[in-house]
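Welcome! Open your viewer, get your selection tool ready, and let's take a walk through this structure together.

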Amino acid sequence: MLVDSHCHLDFPDFVADLDGVIGRAAAVGVERMVTISTRVRQFDRLRAIVENREEVWCSVGTHCHHAEEEAEIGTEELLRLAEHPRVVAIGEAGLDFHYDYSPRERQETSFRAHIAAARTSGLPLVIHAREADDEVARVLEEETAIGAFPALLHCFSSGPELARRALALGLSVSFSGILTFKKSEEVRAIARDVPLDRVLVETDSPYLAPAPHRGWRCEPAFVVETARVLADVKGVTLEEISRITTDNFHRLFAKVAPPAA
């Protein structure tokens with residue numbers, strides 16, 4: 001069994017083919033997936049998916065790209081929506097200084113509101129970090145000093161220093177199809193050093209299809225390819241890395257019901 005810990009099944013790319021996407025995932029052993037919120041104001045789209053499909057769970061949050069658009073979203077509303085039985089995480093939220101679609105100050109304000117929601121609810125915070133390693137680490141360290149919270153760095157493509165500082169705070173790290181890319185030697189080196197009990201896998205569908213599917217629309221079934229490369233990096237079998245990442249997922253995303261024995 002494998003879990004796709006981060007996908008976006010509410011995106012238009014999947015509207016006409018959602019049942020097929022979920023069926024293909026199940027056919028290769030991907031039995032759980034979390035569809036990640038990017039706009040709180042579109043939460044109804046996620047709810048419609050997860051309330052009708054037992055394999056799929058969701059988060060609630062505002063992506064840093066939309067922090068200005070949803071400036072009114074605060075911790076209280078995140079906590080209210082997180083009470084839904086199928087909401088198992090907060091986010092994704094964080095800092096993205098590559099696109100700067102929202103002002104950096106607004107991104108940080110939103111990031112901290114999501115951290116507060118994760119701290120209060122106990123649900124894991126899904127963190128987006130791009131070209132903002134020092135700033136993300138600073139916020140995480142400052143907020144951890146206030147009070148610990150569960151979290152993971154999703155779709156890791158940052159540098160080793162952010163990984164080191166996040167791991168020191170107790171965070172987990174999730175790897176996407178980027179891990180399989182030919183030019184991702186540094187990401188694979190970082191993955192090699194992440195403790196086995198802190199590593200997860202994801203697709204970030206519909207983006208970042210792993211080799212050998214580069215150029216395709218990504219979907220949860222493809223997480224097998226990322227797991228295969230991660231297993232090679234770690235020197236274990238695919239079966240072992242599947243069990244390890246699934247166990248790690250259920251420990252972090254504790255609200256997700258484990259599969260029947």
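**Stop 1: a histidine in a helix.** Select His114, which sits in helix α4 (residues 104-121); helices here are DSSP runs of H or I with at least four residues, strands are runs of E with at least two, and both are numbered from the N terminus. Before going on, note that this is a predicted model, where local features need pLDDT of at least 70, side-chain atom pairs count only at pLDDT 80 or more, and totals for chains, interfaces and linings use all residues. Residues are numbered from 1 along each chain as its sequence is written, and side-chain values use heavy atoms, with hydrogens and water left out.

Is His114 buried or exposed? His114 counts as buried because its relative accessibility is 1%; buried means under 20% relative accessible area, exposed over 50%, and partly exposed in between (1.4 Å probe, protein chains only). Now show its contacts (heavy atoms within 4.5 Å). Leaving aside residues up to four places away in sequence, His114 touches Gly61, Thr62, Leu78, Ile90, Gly91, Ala93 and Leu125.

**Stop 2: the rest of α4.** Colour the buried residues of α4, including Gln107, Phe111, Ile115 and Ala118. Among the elements covering them you will find α3 (75-82), β4 (87-96), β5 (125-130) and α5 (133-146).

**Stop 3: the core.** Next, select Leu9, Val60, Phe111, Leu125, Ile127, Val136 and Phe175: they have the most contacts inside the largest nonpolar core, which has 67 residues. Such a core is a set of buried Ala, Val, Leu, Ile, Met, Phe, Trp, Tyr and Cys residues joined through side-chain atoms within 4.5 Å. Helix α8 (residues 223-234) gives the most to this core, with six residues. In soluble globular proteins, nonpolar side chains tend to be buried together.

Stop 4: On the α9 side, select Leu238, Ile241 and Thr245; on the α8 side, the contact includes Val224, Ala227 and Leu230.

**Last stop: α6.** Finally, select the buried residues of helix α6 (residues 160-168): Leu162, Ala163, Arg165, Ala166 and Leu167. They pack against β5, α5, β6 (151-153), β7 (172-175) and α7 (185-193).
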